[in-house]
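Please walk through this protein from its overall dimensions down to one of its sheets. The sequence and the model come first, and the explanation follows.

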Amino acid sequence: MNDKAMINAFTRSDFERLPATERALIARRERVLGPAYRLFYERPVEFVRGDGVWLHDRDGNAYLDAYNNVASVGHANPRVAAAMTEQATRLNTHTRYLNEALIDYAERLTGLFPSALSQVMFTCTGSEANDLALRIARARTGGTGVIVTSLAYHGVTTAVAEFSPSLGRNVPLGTHVRTVRPPLSGDASAGARFAADVEAAIADMLRHGIRPAMLLVDTIFSSDGVIADPPGFLIPAAAAIRAAGGLFVADEVQPGFGRTGDAMWGFVRHGVVPDMATLGKPMGNGYPIAAVVGRPDVFAEFGREVRYFNTFGGTPVAIAAANAVLDEIDDRKLMDNARDTGAYLRDGIDGLGHAAIGEVRGAGLFIGVELIDANGRPDAVLTTRVVNAMRDRRVLLSASGPDANVLKIRPPLVFDRANADLLIATLQDVLP
Ligand code: PMP
């Protein structure tokens, strides 16, 4: 995602070492998709089938997926597939017709939020949700300024790429955008420092004649290196942006839908209620559906000014998928599993007591593992080596953080203890 986090991506020199059939497919891919796409791993992998936490390649090898948070209720989930199939073979229209299932789902979804957040608007992607949140925030506040963390990723549209610094220097930030350091993991004064940075960013905006519209944070700080503790560190910053007339918006695309274990949404951990929350990725277990959830008074001005229609946002098939995802989370107690298996996995990695392992952090099944050198400094080279060695042993994960030294572990929520044991044993095997 960010330039540094792509350290585990495949490069030209890797290409020369690949078998002829893989080289041929990669060459065809580059010819037809052009140069903007990137592949994971020094040795790219092609999957032909998924099943729960497993992905299978052409030769029938099974890979343990500890990375893909989209298929959160499991790859090729039968209940989600059946719900989509049933709906797709009956009717698939859009939100300009009355549709009770859409209303039922909207009520069910908003019912999972603090009561103030009682309205929802549907999009197809997380990028669109953040783009829409920006438009709503601008209409509501009259401001234009946006504050994000230093390595945040929020999406692909022109407006959203302008506040996605993890895309690197080649995608310049907007002149209305300010970045702040993410909270310092585990630091008791993390909240105060984060708020002070937000206040400084607001002051700088105002000096340049820009009024703030929103502070937008990924509440698990995925691309900033996975930061979850201490709980509560978002409270002072949310107060600071509101005091300046802006909104506090939680990007729940990564932590949302139970991943952090203790709650459905990452912001709950920090005891704040955002003005809006944006959702995506796991919402339809791979079928594109995303959303902005917010307070009626926050949506009101935008709704007066703008006629909103998103052709594929909230279609009956999308809603069927999303509803089946919530059924799976409920019936299989996947939020509890995220909490329990997540703690088991974190403890197990920590318990390896390996000198190269620094802080092991996160919440639920969103785990960051710092890798360090003999002097305790971030070790990006080792991290790349570990990510690729794990892939060679058929366990999939990735890396993130400003120093590209944090293993990012974010499996489907159906991950169990046996899966965790396999990950831990494989990690122990590949560490020096
Ligand atoms: N916000 C965050 C925190 C994300 O991680 C992503 C995707 N990686 C997005 C927004 C954008 O979502 P999408 O790719 O569905 O547009």
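Two strands count as paired if DSSP finds at least two bridges between them. In this predicted model, strand E2 (residues 54–57) and strand E3 (residues 62–65) meet that condition, as 3 bridges join them and they run antiparallel. Within this pair, leucine 55 has tyrosine 63 of E3 as its bridge partner.

E2 and E3 belong to an open sheet of 4 strands, ordered E1-E2-E3-E13, in which the pairing is mixed. Strand E1 (47–51) and strand E13 (395–396) stand at the edges; each has a single partner strand, so one side of each lacks a neighbour in the sheet.

The sheet is one part of the secondary structure, which comes to 13 helices and 15 strands for the protein. The radius of gyration is 21 Å, close to the 22 Å that the globule rule gives for 432 residues, so the protein is as compact as a globular protein of that length. The C-alpha trace spans about 60 × 55 × 45 Å along its principal axes.

As for charge, the protein carries 44 positive and 49 negative side chains. The centres of these two sets lie 5 Å apart.

Terms used
Residues numbered from 1 in each chain as written. Predicted model: local features only at pLDDT ≥ 70, side-chain atom pairs only at ≥ 80, totals over all residues. Heavy atoms only, no water. Helix = DSSP H or I, 4+ residues; strand = E, 2+ residues; numbered from the N terminus. Rg over C-alpha atoms; globule rule 2.2 N^0.38 Å. Lys, Arg positive; Asp, Glu negative; His and termini not counted. Charge placed at Lys NZ, Arg CZ, Asp CG, Glu CD.
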